[in-house]
Amino acid sequence: MQPGEVCETCFISPVPRPEPVAGNAPAPASAGPCADPDCVNGGSVPASGCGACGASARAAGGAKLLFPWGVEELSAGGGALRIGREDSPLAIRLADYGNVSRRHAELMISAGMPVVVDLGSANGTFVNGERIVPREPRVLRHGDNLQFARDLQATIDLGSTR
């Protein structure tokens, strides 16, 4: 189909893929994959960052979780960070959060983006006030507010404005 034509089956006109932003061609050293299906850089965040979506090299490789006690880091290839009162590196800090399950949730970097998965917790995991479906990964964005059960909250910091 040519631009401007309408499909006779679905009556939709195709939308062309965005052109790369000037001066933002992928650098030889990519900072990581981009989860945006319409990425102007062909799915790779340039080492210098992306002028189109604001993804930074640091964001492509990890994220910070801002908890009440301080910062916890997520890094690509660093494995999952389990949130819970057992089998978690945060177990001691979570001892006072009795409504957080023993194995509540996991956070990881997947395809360059932070992801949270509720592990079937009794009191739920919430993203920006919305309870997520247990065992279904949920991609997180810069500034998202995470809530584990009623009292434990964290904010996602990607070091950019995605």
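**Strands, sheet and loops**

Tutor: Let us start with a hairpin, which joins E3 to E4 through two residues. Please keep in mind throughout that this is a predicted model.

Student: Over how many bridges do strand E3 and strand E4 pair?

Tutor: Strand E3 covers residues 62–67 and strand E4 covers residues 70–75.

Student: What pattern does the protein follow when it is read along the sequence?

Tutor: The protein has one helix and 12 strands, and the order in which they come can be written with one letter for each. Read in that way, the pattern is β-β-α-β-β-β-β-β-β-β-β-β-β.

Student: Which strands are the edge strands of the open sheet?

Tutor: Four strands form this open sheet, with antiparallel pairing, and their order is E5-E6-E7-E10. An edge strand pairs on one side only, and this holds for strand E5 (81–83) and for strand E10 (138–139). The edge strands are therefore the two at the ends of that order, given that two strands pair if DSSP finds at least two bridges between them: E5 and E10.

Student: Which residue in E6 does Arg82 stand opposite?

Tutor: Strand E6 takes in residues 105–110, and E5 pairs with E6 in the antiparallel sense over three bridges. The residue in E6 that Arg82 stands opposite is Glu106.

Student: Is Asp87 buried or exposed?

Tutor: Asp87 lies in the loop between E5 and E6, and its phi is near 50 degrees, a positive value in a residue other than glycine. Its relative accessibility is 52%. Because the cut-off for this class is over 50%, Asp87 counts as exposed.

Student: What is the relative accessible area of Ala111?

Tutor: Ala111 is found in the loop between E6 and strand E7 (113–118), and its phi, near 55 degrees, is again a positive value in a residue other than glycine. Ala111 is classed as partly exposed, because its relative accessible area is 47%.

Student: What share of the residues in the protein is buried?

Tutor: The accessible surface of the protein comes to about 8,800 Å², and 51% of that belongs to carbon and sulfur atoms. A residue counts as buried under 20% relative accessible area. Of the 162 residues in the protein, the buried share is 38%.

Terms used
Residues numbered from 1 in each chain as written. Predicted model: local features only at pLDDT ≥ 70, side-chain atom pairs only at ≥ 80, totals over all residues. Heavy atoms only, no water. Buried < 20%, exposed > 50% of the residue type's maximum accessible area, 1.4 Å probe, protein only. Areas by Shrake-Rupley, 256 points an atom, 1.4 Å probe, with all protein chains shown as cover.
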